[in-house]
Amino acid sequence: MTTTPSRPAVEIRDLHKSFGPLEVLKGIDFEVGQGEVVCVIGPSGSGKSTLLRCVDLLEQPTAGTIWVNGVEMTDPDVEIDQVRRGIGMVFQSFNLFPHLTVLNNLTIAQRRVLRRGRAEAERIARANLERVGLTDKADAFPAQLSGGQQQRAAIARSLSMEPKLMLFDEPTSALDPELVGDVLTVMRKLAEDGMTMMVVTHEMAFARDVADRVVFMDGGVVVEQGPPQEVLGAPKHERTRAFLSRVLDPTHVAQLGQPDQAPEPPQAPSLPADDRHQL
Amino acid sequence: MKLRRRQRERLSLGIQYLIFIAVIAVVAFAADWGRLADAFFRVDIITSMFPTIITVALRNTVLYTLGAFAFGLVFGTILALMRLSRVAPYRWVATAYIELFRGLPALLVLFLVGYGIPIAFPEREIPGGVFGSIAIGLGLTAAAYMAETIRAGIQAVPKGQMEAARTLGMSHFTAMRTIVIPQAFRIVIPPLTNELILLTKDSSLAYVLGVTAQTIEITKFGRDMLNDRVNATPLLVAGLAYLVITLPLSQVVRRLELRYAKAR
């Protein structure tokens, strides 16, 4: 497996994905540069989660090409287990292993996949638990943690494999509002440390503050993308404007009636500081 | 006269206790306890059954049960994985096997293993003699039942568990072995306990293979004594011997479930 540093972390060309007769992705062209943080936003059913899952090949694309760190994922002969070692995935529902302690959640793949010894695996696991602020929870079982703690443990589990790319699939959507902040803080720190990240999210404040680029998807296509202040602050497309007004000012949607007649595009400074609004 | 609510409740409760006591009294006074004790509870016969019923009969029952359970568990897990396999012929074979062996009486299967295999392979022997024959004979049927239980357990583990394991770079096999199957077994502990208790009693079918004084188990031991003494006391003792196995077993499993409760 050769990685070419000059190539983007993720390259997607003309990606299509159908579930039976339903076409979810209708020709996506997309890149994530090395060290870049990209947030993917869009209404539910827009295909953003499917796009993310295609990158890790949890969904098999119907057509198109995906490269991750220069390795073609869509090659039928790709050594998928080997490539996935370099990709961390964080799920909306955490998916910690409930029969293992937090520490063993972090060591099991290191030991079984990377063949690290117990001592080394535990040292790396504890270092990552410290990174996410869960040093004291090493011996707890997942069921004994709050949702926010579980998600941070899941992030630490991915980091223990020392990935080059982290994928986040709506990591805070299943959390109680007061627990969202802890997870986002961990993700922000990760971004500041230079991790390449692709984040599907409804957290507009996180996208605005942390993302290098925001991608807006709707109806299985990328509608527009660019720096967060442009896409979120001065969206060019009607659909983006309609989506943002619904997300940022949900109580007034009913009065709009037709989304096409969205009023003034919301200005970046007018974004509420606390915008955990979800669709 | 109209009763108040608490009075009505007290009356209802009182009637229920009265019925309970009445039934017990009828049984206690109407039954001929003297003749019953003579037929089912002769102390001299009870003492003559010890210690053999424990050292030989109970021991063999436990051994046959554990042998059949171990065989059924391993074979049942393989069948369950075959039923979930991507290879269609594996699915067909496993489904056909399960349907067939769930439908056949355990006695018939035991008979076929005990007498059919020696005829089919005259120069080979089933390892372990009578023990091996019983373990396989009862295990073949138990495997069919356990396969369905284990398959349901595997399918009850959320899909996200497999996905999370795979995204960490585990192969399908490693993810199954270290993540999915350990969780599936925690889910199926109660139904598997049921199977173990059923097997304990099915081990009484061992007599069809012609057991000797060394390989005798509880029921056969009780029946032999029954014929010998022309008295039903041995059957009562045999029945209690089964409870000596199954009641502590239920306790152990309850503990086990409690211990796993926090790791679910």
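**Reading surface, burial and helix packing**

The accessible surface of chain A is about 11800 Å², with 46% of it on carbon and sulfur atoms (Shrake-Rupley method, 1.4 Å probe). This is a predicted model, where local features need pLDDT of at least 70 and side-chain atom pairs pLDDT 80 or more, while totals for chains, interfaces and linings use all residues. Residues are numbered from 1 along each chain, chains are lettered from A, and side-chain values use heavy atoms without hydrogens or water.

Colleague: What share of the residues of chain A counts as buried?

Modeller: Buried means under 20% relative accessible area, exposed over 50%, partly exposed in between (1.4 Å probe, protein chains only). In chain A, 56% of the 279 residues are buried.

Colleague: Is A:S173 buried or exposed?

Modeller: A:S173 counts as buried because its relative accessibility is 19%. Its side chain makes a polar contact of 2.9 Å with that of A:E170. A polar contact pairs N or O atoms within 3.5 Å; within protein, one must be able to donate a hydrogen and the other to accept it, and residues adjacent in sequence count only if both atoms are side-chain atoms.

Colleague: How do I read the packing of helix 7 and helix 9 of chain B?

Modeller: Two packed helices are described by the angle between their axes and the distance between the axes. Helix 7 (residues 129-156) and helix 9 (residues 172-187) of chain B pack at about 115°, axes 8 Å apart. Axes are lines fitted to C-alpha atoms over the stretch in contact; angles run from 0 to 180 degrees between N-to-C directions. Helices are DSSP runs (H or I, at least four residues) numbered from the N terminus.

Colleague: Which residues meet there?

Modeller: Contact means heavy atoms within 4.5 Å. Among them, B:I150 and B:I154 in helix 7 of chain B meet residues of helix 9 of chain B including B:M176 and B:F185.

Terms used. Helix = DSSP H or I, 4+ residues; strand = E, 2+ residues; numbered from the N terminus.
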